[in-house]
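Visitor: I'd like to learn how to read the overall features of a model like this one. Could we walk through it together?

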Amino acid sequence: NRTVDRVARSNYTQIFGPHAVNMSGTELVISKYGVKAEWPYQLAKRVKEVAISIEQALVYGKVQEDTSGEVRTMGGLIDFITTNVNSSSTTITEALWLDQMQAVFSAGGSVDRILVGAKQKRVISAFTAGLTVNVNLSDRKRGQVVEVLQSDFGQTSILLDRWLRVSDVFGFSRDQAEVKTLRPLQVEPLAKTGDSVKAQVLAEKTLQFERQSHSFRFSALT
């Protein structure tokens, strides 16, 4: 029997930053080895920090609101995917992955994305390592890279994410997850104080995630 996930869910928007950039007039004009212009270089680093924070929150964010401190944090994949969670297996295998794919299919869904970290990507790439591969003598490339998994339940792309913990693998479909933006990533100039130039980098975003029973995750891999 097919079970349809109709549970309504909500999420908070989260402010990422503000990350301040503050430079003196002297720093703005002196030359530094390997850096053409210090101000845009520092801004680029702060922008990268905000982008990394957003990416991490999309996976590991927890929905919570601190009314006294006026702080809200958004929920990520780990907060939304609660039905098809394998919290006992320490090694992901092709059979266990297919079990999860089947569970999602039986619930009416179809996973087309798997989000993995570095170690589990190597494990998944070795799913078919026992197959015979013919290599021409003129071919100087060796090794096996798996970017797509095929099964009775469809085609699944493997996405490598450097911020994932070793313990985790997430499976979902692209149309389930959407990043919503209240305020785009932006650089806001601040009032000048004395001989210094100031700015801040920030963004405000959240994750809209639907039909969580049409997704899965592993949470105890080693």
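Predicted model: local features only at pLDDT ≥ 70, side-chain atom pairs only at ≥ 80, totals over all residues.

Visitor: Which secondary structure does the protein have?

Guide: The protein comes to five helices and 11 strands. Its radius of gyration is 22 Å, well over the 17 Å that the globule rule gives for 222 residues, so the protein is more spread out than a compact globule. The C-alpha trace spans about 65 × 55 × 25 Å along its principal axes.

Visitor: How many residues are in the largest nonpolar core?

Guide: A nonpolar core joins buried residues through side-chain atoms within 4.5 Å. The largest one here has 25 residues, and those with the most contacts inside it include Leu77, Phe170 and Phe172. Among the elements giving two or more residues to this core are strand 1 (14–24), strand 8 (169–172) and strand 10 (196–209). Helix 2 supplies the largest share, seven residues. A second, separate core of 17 residues includes Val104, Ile114, Ile124 and Phe216.

Visitor: What is phenylalanine 172 in contact with, leaving aside its neighbours within four places in sequence?

Guide: Its partners include Leu77, Leu115 and Phe209, along with Asp112, Arg113 and Ser215.

Visitor: And what share of the residues count as buried?

Guide: Of the 222 residues, 36% count as buried. The accessible surface comes to about 13,500 Å², with 51% of that belonging to carbon and sulfur atoms.

Note on methods. Residues numbered from 1 in each chain as written. Heavy atoms only, no water. Buried < 20%, exposed > 50% of the residue type's maximum accessible area, 1.4 Å probe, protein only. Helix = DSSP H or I, 4+ residues; strand = E, 2+ residues; numbered from the N terminus. Contact = heavy atoms within 4.5 Å. Rg over C-alpha atoms; globule rule 2.2 N^0.38 Å. Areas by Shrake-Rupley, 256 points an atom, 1.4 Å probe, with all protein chains shown as cover.
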